[in-house]
Amino acid sequence: MIDPQMFQLICFYAFSAVTIGAALGVISLRNTVHAVLALVLTFFSTACIWLLAEAEFLAIALIVVYVGAVMVLFLFVVMMLDIKQEHVREGFIKYLPVGIIVALIMLGEMLAMIGVRAMHAQVMGANPATVAGMSNTEWLGTALYTQFLLPFEIAALILTVGVVAAVVLTLRERPGTRHQTASQQVLVNPRDRIRVVKMAAEVPAAPPAPGKETTP
């Protein structure tokens with residue numbers, strides 16, 4: 001019988017390998033649609049890793065919000081646009097060494113930060129959701145709507161202000177642009193737009209008889 005901890009470790013390594021491979025496919029695949037599908041696989045594998053870490057809410061949010069909405073929109077836009085891959089990839093090889101050097105520097109900095117944080121890390125207590133006997137999603141919802149209700153409402157208000165500001169900036173009047181007014185379009189009288197003209201029917205002239213000369 002397989003040990004549950006060993007099975008969980010095997011699943012973690014498998015999902016991590018798939019995530020890394022899919023992430024590399026996003027930046028290496030030539031077909032844009034294939035790159036978007038690889039990004040979907042990356043998000044899904046990451047959600048599986050979060051499920052292993054008992055972060056069910058983050059996993060569900062990643063699948064529903066990003067995979068189910070954002071990536072579908074990305075895929076629709078990519079399939080609708082006619083992107084010339086040759087022009088996009090011009091000069092890629094020329095700047096590849098610089099990109100590799102920058103990536104190695106960033107990797108070294110991240111490893112250094114992880115080492116510093118590990119030296120000053122504090123021993124964390126048990127999972128509060130497990131201690132309370134709840135799932136991660138249930139405990140997070142209870143904490144948000146009881147202990148952190150005011151910060152949650154402030155964050156919701158800030159997001160609402162951002163949505164309203166985006167709508168106002170989109171609907172502002174700009175000179176030289178055409179706008180549609182639904183109320184004016186509904187109240188339009190068809191007689192003011194279309195005029196029916198009655199004309200007498202025209203009979204085409206008969207062609208000349210053969211053998212007769214026509215004078216100009």
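I take contact to mean heavy atoms within 4.5 Å. With that I looked up Ala59, which touches Ala47, Trp50 and Leu51, leaving aside residues up to four places away in sequence.

The model is predicted, so I keep its limits in view: local features need pLDDT of at least 70, side-chain atom pairs count only at pLDDT 80 or more, and totals for chains, interfaces and linings use all residues. Residues are numbered from 1 along each chain as its sequence is written, and side-chain values use heavy atoms, without hydrogens and water.

Next I checked the helices (DSSP runs of H or I, at least four residues, numbered from the N terminus). The axes of H1 (residues 4-28) and H2 (residues 32-52) come within 8 Å and cross at roughly 155°. H1 and H2 are therefore roughly antiparallel (angles over 145 degrees). Among the H1 residues that meet H2 are Phe12, Phe15 and Val26. This contact divides into 14 nonpolar, 7 polar and no charged residues.

Then I turned to H2 and H3 (residues 56-80). Their axes come within 9 Å and cross at roughly 175°. That makes H2 roughly antiparallel to H3. Here I counted 21 nonpolar, 2 polar and 1 charged residue in the contact.

Last, I looked for a nonpolar core, a set of buried (under 20% relative accessible area, 1.4 Å probe, protein chains only) Ala, Val, Leu, Ile, Met, Phe, Trp, Tyr and Cys residues joined through side-chain atoms within 4.5 Å. The largest has 8 residues, including Val36, Phe43, Ala59 and Met71. H3 gives the largest share, 5 residues.

Technical notes
Axes are lines fitted to C-alpha atoms, for helices over the stretch in contact, and angles run from 0 to 180 degrees between N-to-C directions. Helices (H or I, at least four residues) and strands (E, at least two) are DSSP runs, numbered from the N terminus. Angles under 35 degrees count as roughly parallel, over 145 as roughly antiparallel, 65 to 115 as roughly perpendicular and the rest as oblique. Ala, Val, Leu, Ile, Met, Phe, Trp, Tyr, Cys and Pro count as nonpolar, Asp, Glu, Lys and Arg as charged, and the others, Gly among them, as polar. Buried means under 20% relative accessible area, exposed over 50%, partly exposed in between (1.4 Å probe, protein chains only).
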